[in-house]
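Please examine the sequence and the model shown below. The briefing that follows treats selected local features, the ligand surroundings and the nonpolar core.

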Amino acid sequence: MLRLERVEKTYATSAGTVQALAGIDLVTPPGQFLIVRGPSGSGKTTLLSLIGGLATPTAGRVQVAGEDVAAMSPAQRAAFRARTIGFVFQTFHLLPYLDVLENVALAGLPGQRAAARDRARELLARFGLDHRRTHRPGELSTGECQRVAIARALLNQPSLLLADEPTGNLDMDNAAAILDLISQYHQDGGTVVLVTHQDWVSHYGDRVITLQRGMIVHDSGNGLVGRAGMATMKPGGRETLRGCREEPDHG
Ligand SMILES: Nc1ncnc2c1ncn2[C@@H]1O[C@H](COP(=O)(O)OP(=O)(O)OP(=O)(O)O)[C@@H](O)[C@H]1O
Ligand SMILES: [Mg+2]
């Protein structure tokens, strides 16, 4: 599903260049649930951005489903992203002036507005949000906001889901609910790349890589790991529940 070869990313800043990724080689089969870990600043978000075609590598090659995303024109890349990739972020990125159904349906492909609304309704029902369809994000809890964001990411039935600390702002129960939705997508055949700082979250994946200073310093490999430990793992790292209403402007 993913093939990264000697991928580097440097940012030019007023204080000099920053090397965010310093030579990443990574191959993942379709259907893998890959967890990305590593300290702050190690390059995790940069890696997701390159895989998702939101940024281009300074050197090396990124292939997603056999396609070189960086070689596409901006229009081709946008179309490829819409069809193939779903994104979920730590802070949801919902549009505050649209209701829940509109936020989800907005991700629909051009010319498929009615189908997008039908699918949005179906996903919201499946995610237990039927009764919140006409609410705005500011009227939802944090966990509900993240479920809306996942519904939006899955609207076009992408083959790849990229999630950047999707549970970082949630309490344990809400985080587990989000991970269950992502696991369900994975069990239905989806490929997942999920960034997390939380130990217990890693156990949802079947492969864990750890970044440090833009390099992969540990890789559990392509075998199944972690799941056996899930039942006995005591979830930790409970974080303060921040109300969705208190989030900064998502627009
Ligand atoms: N747009 C940018 N311009 C300049 N430097 C950047 C930019 N984006 C990221 N960086 C730098 O690149 C490095 C990697 O950043 P990245 O956001 O990928 O880290 P991260 O592992 O996601 O960190 P965190 O856990 O804090 O989210 C950091 O040193 C960061 O300061
Ligand atoms: Mg990050």
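In the hairpin of β9 and β10, two residues lie between the strands, and R213 takes a positive phi near 45 degrees. Helices (H or I, at least four residues) and strands (E, at least two) are DSSP runs, numbered from the N terminus. This is a predicted model, in which local features need pLDDT of at least 70 and side-chain atom pairs count only at pLDDT 80 or more, while totals for chains, interfaces and linings use all residues. Residues are numbered from 1 along each chain as its sequence is written, and chains are lettered from A and ligands numbered from 1 in the order in which they are written.

- Strands β9 (residues 207-212) and β10 (residues 215-219) run antiparallel and are joined by four bridges; two strands pair if DSSP finds at least two bridges between them.
- Q212 has M215, in β10, as its bridge partner.

**Other residues with positive phi**
- Most residues other than glycine have a negative phi.
- R6, which is not a glycine, has a positive phi of about 45 degrees, and R6 lies in strand β1 (residues 2-13).
- R6 counts as partly exposed because it has 13 C-beta neighbours inside 10 Å; a residue is buried with 20 or more other C-beta atoms within 10 Å of its own, exposed with 12 or fewer, and partly exposed in between, the C-beta atoms being placed from the backbone.
- H93 also is not a glycine and has a positive phi, near 55 degrees; H93 is located in the loop between β6 (85-88) and α3 (100-105).
- With 16 other C-beta atoms within 10 Å, H93 is partly exposed.

**Surroundings of ligand 1**
- The residues around ligand 1 are Y11, T13, V18, A20, G38, S40, G41, S42, G43, K44, T45 and T46, each with its C-beta atom, placed from the backbone, within 6 Å of the ligand.
- At least two residues of this shell come from each of β1, β2 (16-28) and α1 (44-51), and α1 gives the most, with three residues.
- The shell comprises three nonpolar, eight polar and one charged residues, where Ala, Val, Leu, Ile, Met, Phe, Trp, Tyr, Cys and Pro count as nonpolar, Asp, Glu, Lys and Arg as charged, and the others, Gly among them, as polar.

**Nonpolar core**
- The largest nonpolar core has 63 residues, and V104 and A151 have the most contacts inside it; such a core is a set of buried Ala, Val, Leu, Ile, Met, Phe, Trp, Tyr and Cys residues joined through C-beta atoms within 7 Å.
- Helix α5 (residues 142-154) gives the most to this core, with seven residues.
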